[in-house]
Amino acid sequence: MTRPSSPTLPRSPSSRVTAAVERGYAAYARRAQAWTARYQERGGRVFCGAGCFACCNMPIRVSLAEALVTAQALTDEEAARVEAHARQVLHNARTAPDEDVYVERHRTEVGFCPLLDRESGGCTRYDVRPTRCRDTFSALPARYCEAGAWEAMTRREREQYRREVARTPGTDGELHFIAPLEHLSEPVWEAAAKAMRAEWGLEVWGDFWVLTTLARDGTFMEQVARGDARGAWRAAKAAGLAHRTVLELG
């Protein structure tokens, strides 16, 4: 089945920015595969797999460079779903009293990523998913990744969780996510920051769905390409997508 073609997006210097991210993704894949192979040879286990999407309702912070990679691959229908999700994110950001509530409501009310196929449990845009989706791996069963898992535990279960995390190789001793695979993604962020500075004279970071939507906004991208942070903020505000929690320009 042929997908409808995506609209032409602002390219100019952004193509060099996205190229830096794509190279970073390729390097991450090689390094993560090699690390995971050694980890499993030593008896370590990665519980993530096809069909598991317990973490796909987490808020995700990305660079505009990464968001562009995703945005350029979306169809109009997909982009519309991402924008609707972004506006829910904005509502949550405007009404949440603190960061903890923001994260909790993102997971329980804003909900799962619109690019997730809930039937198969797979990402429909897996090849262009952002760094945070690439580097989140669990060293314990997926039930620990679900929203509200910690809150639902008894005191004894929390103590058992802490002991299990502490003795599981690959974790940071605090949480059950595999820390070295997260650290391997840092060069991608560094490359994105460097490329944005070189091409635009500024960096743009924020919520994945908000930035993916803004990446398809010609006025916003024109101001970014000029290095005009104030102009870009005004464009985001005109689009109804400006809030300090989900958009950082500087």
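Me: Where is R226 found?

Reply: R226 is found in the loop between α11 (218-225) and α12 (229-238). Helices here are DSSP runs of H or I, at least four residues, and strands are runs of E, at least two, numbered from the N terminus. A word on the source: this is a predicted model, where local features need pLDDT of at least 70, side-chain atom pairs count only at pLDDT 80 or more, and totals for chains, interfaces and linings use all residues. Residues are numbered from 1 along each chain as its sequence is written, and side-chain values use heavy atoms, with hydrogens and water left out.

Me: Is R226 buried or exposed?

Reply: Start with the cut-offs: buried is under 20% relative accessible area, exposed is over 50%, and partly exposed lies in between (1.4 Å probe, protein chains only). R226 has 58% relative accessibility, so R226 counts as exposed.

Me: Which side chain does R226 meet in a salt bridge?

Reply: First the rule: a salt bridge puts a side-chain nitrogen of Lys or Arg within 4 Å of a carboxyl oxygen of Asp or Glu. R226 pairs with E222, at 2.7 Å, N to O. E222 counts as partly exposed, because its relative accessibility is 37%.

Me: How many salt bridges does this rule give?

Reply: The count comes to ten.

Me: Why do helix residues three or four places apart point the same way?

Reply: An α-helix has 3.6 residues a turn, so residues at that spacing point the same way. Now take E77 and R81. Their side chains meet in a salt bridge at 3.5 Å, N to O. Both sit in helix α3, four residues apart, so about one helical turn separates E77 and R81. E77 is exposed, at 55% relative accessible area. R81 is partly exposed, at 33%.

Me: How many residues apart are E164 and R167?

Reply: Three, about one turn of helix α7 (residues 155-167), where both lie. The side chains of E164 and R167 form a salt bridge at 2.7 Å, N to O. E164 is partly exposed, with 26% relative accessibility. R167 is exposed, with 52%.

Me: Which residues gather in a patch of negative charge on the surface?

Reply: Learn the rule before the list. A patch takes residues with over 30% relative accessible area and no salt bridge; like charges are joined within 9 Å, and nonpolar side chains (Val, Leu, Ile, Met, Phe, Trp, Tyr) within 5 Å. Areas come from the Shrake-Rupley method with a 1.4 Å probe, and for residues only the protein chains shown count as cover. Asp and Glu count as negative, Lys and Arg as positive; His and the chain ends are not counted. Each charge is placed at NZ of Lys, CZ of Arg, CG of Asp or CD of Glu. Here the negative patch gathers D98, E99, D100, E104, E109 and E151.

Me: Which helix gives the most to the negative patch?

Reply: Helix α4 (residues 99-110), with four residues. D98 has its place in the loop between α3 and α4. D98 is partly exposed, at 40% relative accessible area.

Me: Now a covered element. How many residues of helix α2 are buried?

Reply: Eight of its eight residues, in a helix that spans residues 64-71. Among them are L64, E66 and T70. T70 has a relative accessible area of 1%.

Me: Which residues is T70 in contact with, leaving aside neighbours within four places in sequence?

Reply: Contact means heavy atoms within 4.5 Å. On that reading, T70 is in contact with L115, V128, F208 and T212. Sequence spacing is a separate reading: T70 and L90 are 20 residues apart in sequence and 19 Å apart in space, C-alpha to C-alpha.

Me: What does N92 touch, not counting residues up to four places away in sequence?

Reply: N92 touches Y102, R105, H106 and V110. N92 itself has its place in helix α3 (residues 76-95). N92 is buried, at 3% relative accessible area.

Me: Back to α11. Is Q223 buried or exposed?

Reply: Q223 is buried, with a relative accessible area of 12%. Q223 lies in helix α11. Beyond neighbours within four places in sequence, Q223 is in contact with D228, G231 and A232.

Me: Where is G44 found?

Reply: G44 is in the loop between α1 (14-41) and β1 (61-63). A loop position still needs its accessibility checked. G44 counts as buried, at 13%.
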